[in-house]
Protein chains: 2
Amino acid sequence: MRFKLILSFLLLTTCFIAFGQEKQPGKSDITVADKGLIKISVMYPYAEGKTFNMEYYETKHMPMVAGFLGSNLVKYTIEKGLSSGIPNQPLPFMAIGTFYVKSFSEYQAAIAPNRDAIRADFANYTNVIPVILVSEVVK
Amino acid sequence: MRFKLILSFLLLTTCFIAFGQEKQPGKSDITVADKGLIKISVMYPYAEGKTFNMEYYETKHMPMVAGFLGSNLVKYTIEKGLSSGIPNQPLPFMAIGTFYVKSFSEYQAAIAPNRDAIRADFANYTNVIPVILVSEVVK
C-alpha cells in the first residue's frame, strides 16, 4: 500500500516535471523568440564576373565569424541566391549570411578586434564587396 | 486498492504522452527544417523621400499575401531596417518581408491570380518599388 502511494507520488512528480518542461520558453518558441533580435545580414550583390564559393563560406568563413560572437549570437543562417522574383530582372544577391544577435553593440565590440582577420578571409571565397544591413526582427 | 492501480495507470499513460510529445519532431526542429526551403524576400530599398508604413505592412499587407499561399507557406518574417552595418553608408533597405515556402512554382501559381490585388495594396504602405530575391536556405 505504501509502495503504491510512493509510486503514485513519483509518477505525479514526473508528470509535473514533464509538463513543466513543455511550458518553459525554449526551442519550441524559437520563432516567437526571434522577435526583437537584431539581424546583421551580409549580402553579396550579383554582377557579371563576380564569384562566390559557397562551400568555403559555409564551412570556414561563417563558423569563424560566429566563433567571435559568443553567447550574444542566437543563430546564424546562410542562403544562396537563385533568381530575382521579378521576371527579366538580374539576381540581386548571390548569397546572404545572417547573424541573429541579442545586442548590436556587443556584436560590434566582438567584431572590432577581429575585423582584419574577417576582411582578409573575404578573398578566399568572393571578389565582391558585401552590403551589410542591420535590422530588427518585427515578426 | 483498485483505485490506486487505476490512478497509477492513468498517471503512467499521461507521462508517456507528455514525454512522447516532447520527442516528436515539431517546432523545436524548425531551424533544421528550414534547410532547403525557398525564401522569397521582398526588400524595400531606402532612399530619401521614400516612406514605409510598418504597421499597415504587418497587420494588413503581409497577412493578405500569406493568406494566398496556403500550406506551401512554412512561415513568414518581417524585419525593419535600422542602419547599414558599414559606417557612413546609407541604410540599404527600410524593411524586408520574407516568405519561406516549400515550392517556388507553387508560390508563383498562388500569386499569379492575385498579383493585381497585391500590387494595388503597395500604395497603402510605401512609395518604393521592392527588390525581390528568391533564395534557398543553405543553413
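Because the model is predicted, local features need pLDDT of at least 70, side-chain atom pairs count only at pLDDT 80 or more, and totals for chains, interfaces and linings use all residues; side-chain values use heavy atoms, with hydrogens and water left out.

**Stop 1: chain A**

Select chain A and colour it by secondary structure. You will find 5 helices and 4 strands, where helices (H or I, at least four residues) and strands (E, at least two) are DSSP runs numbered from the N terminus. Along the sequence they follow the pattern α-α-β-α-β-β-α-α-β. Of the 139 residues in chain A, 42% are buried; buried means under 20% relative accessible area, exposed over 50%, and partly exposed in between, with a 1.4 Å probe and protein chains only.

**Stop 2: Thr98(A)**

Next, pick Thr98(A) in strand β3 (residues 93–101) of chain A. Thr98(A) is buried, with a relative accessible area of 3%. Which side chain does Thr98(A) meet in a polar contact? Show Ser41(A): the two side chains are joined at 3.5 Å. (A polar contact is a pair of N or O atoms within 3.5 Å; within protein, one must be able to donate a hydrogen and the other to accept it, and residues adjacent in sequence count only if both atoms are side-chain atoms.) Other residues that Thr98(A) touches include Lys39(A), Met62(A) and Tyr76(A), contact meaning heavy atoms within 4.5 Å.

**Stop 3: strand β4(A)**

Now select residues 131–137 of chain A, strand β4, where 5 of the 7 residues are buried. Strand β1 (residues 38–45) of chain A runs antiparallel to β4(A), joined by 6 bridges; two strands pair if DSSP finds at least two bridges between them. Zoom in on Ile40(A), whose bridge partner in β4(A) is Val134(A).

**Stop 4: His61(B)**

Finish in helix α3 (residues 54–69) of chain B, at His61(B). His61(B) is buried, with a relative accessible area of 3%. Display Asp121(B) too: a polar contact of 2.8 Å links its side chain to that of His61(B). Among the other contacts of His61(B) are Ile118(B), Phe122(B) and Tyr125(B).

Definitions and conventions
Residues numbered from 1 in each chain as written. Chains lettered and ligands numbered in written order. Lists of a residue's contacts leave out its neighbours within four places in sequence.
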